[in-house]
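Here are my notes for anyone opening this one for the first time. Have a look at the structure, then go through the points below.

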Amino acid sequence: MSKRVADEEGDDDVSGHGQKWAARAGLVLCCAALLGCSREEASQRAAGSSSARPAALRADVEPAPASGEVPALVQEARDRARREGRELVVYVGASWCEPCTRFHDAVKAGQLDAAFPALRLLEFDLDRDRDRLAEAGYASEMIPLFVVPGEDGRGTPLRVEGSVKGERAVDEIVPRLEAVLARARAAAR
């Protein structure tokens, strides 16, 4: 068999066989890429979102502005959080509060991502914001304070106040905060 006939039949020619394999591999990769995009777009449509969501959410802290009406600030932050598929909780702490700093540091370090992957804390400082927080229904006897805000941006009874000091502070807050968020989700249904 001549080389030319072998090429036409696809036999015995390593370079011809390699080209066919490369073409097939390219076709498979293109199909996979198209299917991957289609699935992602379909899942976004199914979720009712036209905006892209992060692949993996992490609990995070958003510092509240130093001025402004608390209910309006909370409503704006809640709307942003919802667009991102997050749950907003108003968090009030202080630099001198040991349980507050332990919880804040645990969120920043990613230690609460498993328990609260979609949590966004809108963080207020008690010393700076005490009066405007009280006017908006976020007064408390103890800190840290975690409050699920109402639709009007004001504080609700869905809250967690205070914690133990020391290494157990975060472990003591987490189940209480989980319970409040579960109640908020149930009430929203």
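**Rings, a helix and a disulfide**

1. Start with the aromatic side chains: Y91, F103 and F146 are linked into a cluster by ring pairs. Keep in mind that this is a predicted model.

2. Take Y91 and F103 to begin with. Their ring centres are 6.3 Å apart with 45 degrees between the planes, a tilted pair. Y91 belongs to strand β2 while F103 belongs to helix α4, so this pair ties together parts that lie 12 residues apart in sequence. Y91 and F103 are both buried.

3. Now move on to F103 and F146. How are these two rings arranged? Their centres are 4.8 Å apart and the planes stand at 65 degrees, so the pair counts as edge-to-face. Here the helix is α4 again, with F103, and the partner F146 sits in strand β4, so the pair ties together parts 43 residues apart in sequence. F146 is buried, as is F103.

4. Next, have a look at helix α6, which runs over residues 169-188. It has 20 residues and spans 29 Å from first C-alpha to last, close to the 28 Å expected at 1.5 Å a residue.

5. Which residues of α6 are buried? They are A169, V170, I173, V174, L177, V180, L181 and A184. Around the axis they cover an arc of only 145 degrees, which puts them on the same side of α6.

6. So what covers that buried set? Among the elements that do are strands β2 (87-93), β3 (119-125), β4 (145-147) and β5 (159-161), along with helix α4 (98-108).

7. Last, the cysteines. The whole structure contains 1 disulfide according to the search, and it joins C97 to C100, with 2.3 Å from S to S. The link is right-handed, with 75 degrees about the S-S bond.

Conventions. Residues numbered from 1 in each chain as written. Predicted model: local features only at pLDDT ≥ 70, side-chain atom pairs only at ≥ 80, totals over all residues. Heavy atoms only, no water. Disulfide = S-S within 2.5 Å. Helix = DSSP H or I, 4+ residues; strand = E, 2+ residues; numbered from the N terminus. Expected span 1.5 Å × (residues − 1). Buried < 20%, exposed > 50% of the residue type's maximum accessible area, 1.4 Å probe, protein only. Arc of directions from axis to C-beta. Contact = heavy atoms within 4.5 Å. Phe/Tyr/Trp six-rings, centres within 6.5 Å; stacked < 30°, edge-to-face > 60°.
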